[in-house]
Amino acid sequence: MGKMQKIGIWQVFSIIFLSRLLTVLTYTSIGEEKMETGDYFPSALFAGLFILLFSVMFFLQNKKYPGKDLTDIAYMASPRFSRAISVIYALVFILSMMVTLARLELFVGTIIFPENDSALFIIICVLASCYAASLGIEALGRVSALSVMISCAAFLFIMITMANKIDVTQFSPAFFDGLAPSLKGGLSFASRTVEILMLSALLPKINGKPMWAYFAWLTATVLSMVSLFFFVFGGLGKFALTQLFPVHSVAVLAEVGVFRRFDVLLTGVWILSAFIKISLLLYLQAELLQKSFKAEWKNYYVFVTGGLVLAAQIFLAGNFTDYFYKTDYIMRAAYFTAFVLVLPAVIMLCAYIKRRKSDEKNA
Amino acid sequence: MISMGDWINKEILKVTAAEAKAATPSVTVSENLEDNIIYFKEKLGESFDILYKQTFIGSHKAVLIMDDGMCDNLLVTQQVVNPIMTAEKMPQNASEQMAYIRDKISSGIDQKEEHSLDEAIKDVLSGLVVLMIEGVPFCECFGVQGFPKRSIENAQTEVQESGAQEAFIESFKDNVALIRRRVRSPVARFEVMEIGKTSQTRVCVCYFSDRADQAVVEAVKGKLKKADLDVVLGAGYLRPFLEPDVTTLFSAVGSTERPDIACAEMAEGRVVILVDGTPFALVVPYLFMENFQSLDDYDHRPYYSAFIRTLKFFSFVLSVFLPGIYVAICTFHQEILPASMLYDTAVQESITPFPVMLEAIFIHFVYEIVREAGLRMPKSVGHAVSIVGALVIGDAAVSAGLVAAPMLIVVAMTAISSFVVSKIYYPVSLLRFAFMVIGGITGFYGIVIGFGVLLVNMCAVNTFGTPFTAPFAPLHIGAVFRDSFLRISWKLLGKRELKIQSMEK
């Protein structure tokens, strides 16, 4: 078996930042708790705090078991338990991939090719992601680091070109209806942060101190949310709340001289982020499945899962995962808490008990 | 990342095992001269260019064997035949005669004692004269090579404005001399090996012993030894054996026809490989970024070099993506174009009979045919082909309404851009077609995915432990600002050498 591929801190930051950027870009207020436009800014800050809260078990994992992922820790309790955990988290990643794909298809079907079938595009995207995932985390890390630079440049360009469209009078005062809407919004944003699980699964592959990447990512995430809200609501005002993809709608306003419709740039960044996120999720689920089943079949796990997710997306129900994610934010937060906080706590507790028992035996 | 040491060790073990398997016992030179001659004739057959000059040295039978076309007849006469024939104090004992000829008579420096007949045959075929004397269990080889060769000429594919103009030629020794002349330092090492079961082509691995990673040198030698080829007629034969495991369109093995570039590469810790009969040297490890660098960049002022390199990169982007993006815009994203431009383009495209994607593929295909024809024809005819292709076909196609004028502008811009980065012309031309198809089917967003795949493919490549996309992925800030798109002044650049190993991360 080859030696494990490792990625640097900057690459880890890039890979999870791009993943989170996709969530921010595809934000839709439809089906969400209603907020005043001014409440979105504190909600971004609250989201940062909630993410910190959701990361407690990740901090503990990094401190007590540095360089080990949850399946490694579960292995200390029992190999069977570890296998079960691998399968559970592989399924979580697969579900997250289905949600990402569903949103992408929704976007492609409504914005890019409203008159054509979006299936071909989705097939190409999944096939490309399977290929990327099969090349390993080193390649994904490197390409993410480059993509972050490209994405930031594209954003900066769009923001500059639409700066004159911003009207600060469109912001309503923050906390107009009290603290609750912002808190609910913050919880809703934070409960989509699958990146904590990604980071947890990537721990054994990180060269350097993962906490640097984590805090850089958290800061960049909050900043990106705040700046996007600023441009979305500064550009569109309350109209943004009626839009399926408000970030795209505001990018349509960008123009320089005779050139306009720079939303195509933003959409490009969106697609690139989706490609990298799906590739990473495919890679992570394959890594987990190879711990439960045959390790030599890693690339088969990538392609078979890719095929199954694609088939589910095309044949079963185009947007079922999207509807799932549109459920009440409490439900979503509960689901998220179960996998980010409760299950890791159980795993670490089991490993701790097992170690205590064996220590007692030895004594 | 697989550690360099582990990977090298694995490679070396594989090569050692292969060597042990391939090793066959060699036939030694017999004291019986006839046996030696019979062995030579058995091995070489009745080739007319192999000459056997049988003579007597004192009372002992002797033979001089040489390849007529590979030796300089004047040197043979002056350094070997004449001194032996006119020697006055030749000893009587055969072994003493050989020692006397070697030490006292022959005036050449390049001579060696050979005990193996197979090695002696190789020497004859390499242009040495072999002397065998009855009763002596070894032979003496004299270096008197003098085969026909091209003189050193100007570089054709890597033209430089200022600085040296010399290029490598087919002669192996001359190429080594061209490098040695520029680097008169004992750290410059030239190790020769033979590759090709039949051709037994000489391949020279050149490096600076104080800068090249010894593990990389060993890995290069190991990979070359593993090249299971019958005949090696050019450096291109060996390229696949040096390429990394991940399949990619861009080669991770560089090539240069300029000795000064070869020296510069060696100074950065790289390994240069010279192949006998090839006027190009291979360079490993080779990074993608190097496709945008030339020796002229180091002659100009840094800001101009930065401008030129950025221009080259922009040309690369244009040559790969422009036709695809044009097809995507015309097919799916017309809203991007300013109104007046959209109107003009739409009018032009509406009169052509084919969809934009097919039109683009067709016209680029025609362009590639014209280019290939111009390249392979004699220069005078080549120009005519270009004129017919560019002016006659292009103009007539637009007039006939087969191709839209904007498409022709796109083709022209793409063609010129691709010549700016001529080192990667072939992968670029293939990618161009791929992106035209993707752009025509899925629009700009398909191109973005294609770009992502291309990027991830390139990022997956490690060439001898160095990432192909360094110093950008993984990011190496020092190298990026030192000598990538930007280049710092020689005052700073010369202070500390940049080794390729520093990119390993």
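Predicted model: local features only at pLDDT ≥ 70, side-chain atom pairs only at ≥ 80, totals over all residues.
Me: What makes helix H12 (residues 356-376) of chain B roughly antiparallel to helix H15 (residues 425-459) of chain B?

Reply: The two helices pack at an angle of about 170°, with their axes 9 Å apart. Angles over 145 degrees count as roughly antiparallel, and therefore H12(B) is described as roughly antiparallel to H15(B). Their crossing is left-handed.

Me: Which residues of H12(B) and H15(B) make the contact?

Reply: From H12(B) come B:Val356, B:Met357, B:Ala360, B:Ile361, B:His364 and B:Glu368. H15(B) contributes B:Ser429, B:Arg432, B:Phe433, B:Met436, B:Val437 and B:Gly440.

Me: How many residues of each class does this contact have?

Reply: There are seven nonpolar, three polar and two charged residues. B:Gly440 belongs to the contact, and Gly counts as polar, whereas Glu and Arg count as charged.

Me: What share of chain B counts as buried, and what does the word require?

Reply: Of its 505 residues, 38% count as buried. To be called buried, a residue must have 20 or more other C-beta atoms within 10 Å of its own.

Me: How many helices and strands does chain B have?

Reply: Chain B has 17 helices and twelve strands. Its C-alpha atoms fill a box of roughly 100 × 50 × 45 Å along the principal axes.

Me: Where is confidence lowest in chain A, and where is it highest?

Reply: The lowest is in helix H14 (residues 320-325) of chain A, with a mean of 55, and the highest is in helix H6 (residues 119-134) of chain A, at 91. Chain A averages a pLDDT of 85.

Technical notes:
Residues numbered from 1 in each chain as written. Chains lettered and ligands numbered in written order. pLDDT = per-residue confidence, 0-100. Helix = DSSP H or I, 4+ residues; strand = E, 2+ residues; numbered from the N terminus. Buried ≥ 20, exposed ≤ 12 C-beta atoms within 10 Å, placed from the backbone. Axes fitted to C-alpha atoms, helices over the stretch in contact; angles between N-to-C directions. Parallel < 35°, antiparallel > 145°, perpendicular 65-115°, else oblique. Left-handed = near helix turned anticlockwise from the far one by under 90°. Contact = placed C-beta atoms within 7 Å.
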